[in-house]
Amino acid sequence: MSNTPMAANPLTRAVLEIDEYASGLGWDQPARLFALVDTARLRTQEPALAAQLGLEDEQETTGLTPIEQDEIPSNQPLDEFLATIAWPDAVVGCALTVERLMLPPSAEAQVPQGLNEAKLARWVADHPERQEVRMTVAVLRDGARDSALRLREKDSATEVLTGSGLVPGLADALAATFED
């Protein structure tokens, strides 16, 4: 994608490409799951698909191509859905983009005790310091991880935070989709 900032490695580039794609769809979107495939291998083994994705003329010899998967069921918790996934060998990694409400660490001490999941979600949604965030998290079979966070109030490609340990729980859940 033309507006994706250059990144040091293929996984970070893929995460930023997915973040840019999700940004173009706007906010209040469902979670989206992507398979990550080796671009060179895709061009060689699936030239028709590579052409359909606009990859036949790319000069880069290394890279990952994100391929969006079918819609994630909205009636199933995300962790339960992820537990049902098994990837074919051609998939070298996967990524997920999801929107959530987030509170600053200073708000943790304010959380009322004994709230069930629904009441806690409502409490967070009503909290004055809540932030809407889009998280894009990717993992590779070899254990590499990366992620991007975009706040709704700072919705700009120059304000996207990246790092391998930003969303460890989600990265663990994605990594588990590659376990036998």
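Analyst: In strand S6, Gly-163 is the bridge partner of Ser-147. This is a predicted model, in which local features need pLDDT of at least 70 and side-chain atom pairs count only at pLDDT 80 or more, while totals for chains, interfaces and linings use all residues. Residues are numbered from 1 along each chain as its sequence is written, and side-chain values use heavy atoms, with hydrogens and water left out.

Strands (E, at least two residues) and helices (H or I, at least four) are DSSP runs numbered from the N terminus. S6 covers residues 161–163 and pairs with S5 in the antiparallel sense over three bridges; two strands pair if DSSP finds at least two bridges between them. S5 itself spans residues 145–151, and five of its seven residues are buried, that is, under 20% relative accessible area with a 1.4 Å probe and protein chains only.

S5 also has S4 (residues 131–140) as a partner: the two run antiparallel and are joined by seven bridges. Within this pairing, Ala-148 of S5 stands opposite Thr-136. Four residues separate S4 and S5 in their hairpin, and Gly-143 in the turn has a positive phi of about 100°.

Grid points are joined across faces, edges and corners, and a volume is the space filled by probe spheres set on the points.

One cavity of 30 Å³ or more is counted, and the largest cavity holds about 50 Å³ of space. Among the residues lining this cavity are Ala-22, Gln-29, Val-98, Glu-99 and Arg-134. S3 gives the largest share of that lining, three residues, and helix H1 (10–25) is another element that supplies at least two. By class, the cavity lining has four nonpolar, two polar and three charged residues; Ala, Val, Leu, Ile, Met, Phe, Trp, Tyr, Cys and Pro count as nonpolar, Asp, Glu, Lys and Arg as charged, and the others, Gly among them, as polar.

The largest pocket contains about 630 Å³. Of its 18 lining residues, Leu-78, Val-98, Glu-99, Arg-100 and Glu-117 are the closest to its centre. Helix H4 (78–82), strand S3 (91–102) and helix H5 (117–126) each contribute at least two residues to this lining, which comprises 12 nonpolar, two polar and four charged residues.

Definitions and conventions: 1 Å grid on protein atoms, 1.4 Å probe; cavity = no way out; pocket = protein on both sides within 12 Å on 5 of 7 lines; lining within 4 Å. Buried < 20%, exposed > 50% of the residue type's maximum accessible area, 1.4 Å probe, protein only.
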